[in-house]
Amino acid sequence: VELPGVAALGMNTARSLTFKAGRIHHDQIGFIRDPFARTSSEAFRVLVTHHPLFALKVGGEATRAVGGQELALDAVQEAGVDLLLAGHNHQAEVHWTGELVTRAGGALVVQAGTATSTRVREQDQSFNTIDVGERSVTITVNAWQGEQFAPLDAQRYEWREGQWLRATAVEPAH
């Protein structure tokens with residue numbers, strides 16, 4: 001999907017016999033590079049997958065990275081992807097790729113929580129709001145507060161030195 005200033009690409013990482021980690025196969029690597037090569041160089045680029053491309057900690061245990069991670073991360077870096085969105089772990093969190101691996105450029109890794117499922121992992125049900133500015137992005141976690149969702153945490157990032165770096169604290173909107 002391409003809108004003014006934003007290009008988003010969704011990719012299926014689920015495989016019939018792979019439940020936990022998912023996989024990106026070789027044909028999908030070109031699918032990461034090609035569409036973004038046709039978008040404006042100024043577009044904010046988003047890659048959406050079900051399984052995270054990275055091994056993350058969930059409930060004190062490390063998860064496995066998606067299969068084909070190395071090739072996928074090279075393609076993400078080459079394509080200039082700004083934001084990697086994923087779910088699967090049922091835990092909302094934000095990372096800069098440099099905290100997780102040595103490649104993939106300066107993208108942000110945004111994990112979705114669980115908005116409607118009861119499969120929560122040490123967090124209340126939640127969803128993320130992502131506000132993209134000219135050279136900034138703010139990610140707000142909205143969590144269930146008994147009767148409604150309310151913003152709990154907002155993190156603002158600015159594009160500096162070829163990467164998304166955390167800016168000063170942001171107060172969540174009420």
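This is a predicted model: local features need pLDDT of at least 70, side-chain atom pairs count only at pLDDT 80 or more; totals for chains, interfaces and linings use all residues.
Visitor: Why is Thr 140 called buried?

Guide: Thr 140 has a relative accessible area of 10%. Buried means under 20%, so Thr 140 is classed as buried.

Visitor: What is Thr 140 in contact with, leaving aside its neighbours within four places in sequence?

Guide: Its contacts are Phe 127, Asn 128, Thr 129, Pro 151, Asp 153 and Ala 154. Contact here requires heavy atoms within 4.5 Å. Thr 140 itself lies in strand 10, where it stands opposite Thr 129.

Visitor: Why is Glu 161 called exposed?

Guide: The relative accessibility of Glu 161 is 70%. Exposed means over 50%, so Glu 161 falls in that class. Glu 161 is situated in the loop between strand 11 (149–160) and strand 12.

Visitor: What makes the phi of Glu 161 worth a remark?

Guide: Most residues other than glycine have a negative phi. Glu 161 is a residue other than glycine, yet its phi is positive, near 55°. This value occurs in the hairpin of strand 11 and strand 12, which has two residues between the strands.

Visitor: How do you know that strand 11 and strand 12 are paired?

Guide: Four bridges join strand 11 and strand 12 in the antiparallel sense. The criterion is at least two bridges, so the two strands count as paired. Within this arrangement, Arg 160 stands opposite Gln 163 in strand 12.

Visitor: How do you know that the buried residues of helix 2 line one face?

Guide: The buried residues of helix 2 (residues 69–79) are Gln 69, Ala 72, Leu 73, Ala 75, Val 76 and Ala 79. Viewed down the helix axis, they fall within an arc of 160°, so they line one face of helix 2. An α-helix has 3.6 residues a turn, so residues three or four places apart point the same way.

Visitor: What do the buried residues of helix 2 pack against, and what follows just after the helix?

Guide: Their packing partners are helix 1 (26–37), strand 3 (44–49) and strand 6 (83–86). Just after helix 2, Gly 80 adopts a positive phi of about 70°.

Visitor: What makes strand 8 a strand covered on both faces?

Guide: Leu 108 and Val 110 are buried on one side of strand 8, and Val 109 and Gln 111 are buried on the other. In a regular strand the side chains alternate between the two faces of the sheet. Strand 8 (108–111) runs parallel to strand 6, to which it is joined by four bridges. In strand 8, Val 110 is the bridge partner of Leu 85.

Visitor: Which elements contribute to the lining of the largest cavity?

Guide: A search of the whole structure finds one cavity of 30 Å³ or more, and the largest cavity has a volume of about 40 Å³. Its lining includes Leu 47, Pro 52, Phe 54 and Val 109. Strand 3, strand 6 and strand 8 each supply at least two lining residues, with the largest share, three residues, coming from strand 6.

Visitor: How many residues line the largest pocket, and which lie nearest its centre?

Guide: The largest pocket is lined by 21 residues, of which Ser 41, Glu 42, Ala 43, Asp 82 and Trp 164 lie nearest its centre. Strand 3 and helix 2 are the elements that give two or more residues to this lining. The space in the largest pocket is about 420 Å³.

Visitor: Why is Arg 38 called exposed?

Guide: Arg 38 has 65% relative accessibility. The cut-off for exposed is over 50%, so Arg 38 counts as exposed. Arg 38 is found in the loop between helix 1 and strand 3.

Technical notes:
Residues are numbered from 1 along each chain as its sequence is written. Side-chain values use heavy atoms; hydrogens and water are left out. Buried means under 20% relative accessible area, exposed over 50%, partly exposed in between (1.4 Å probe, protein chains only). The arc is that of the directions from the helix axis to the C-beta atoms. On a 1 Å grid over the protein atoms alone, a cavity is a set of points where a 1.4 Å probe fits but cannot get out, and a pocket is an open set with protein on both sides within 12 Å along at least five of seven lines; lining residues have an atom within 4 Å of a point. Grid points are joined across faces, edges and corners, and a volume is the space filled by probe spheres set on the points.
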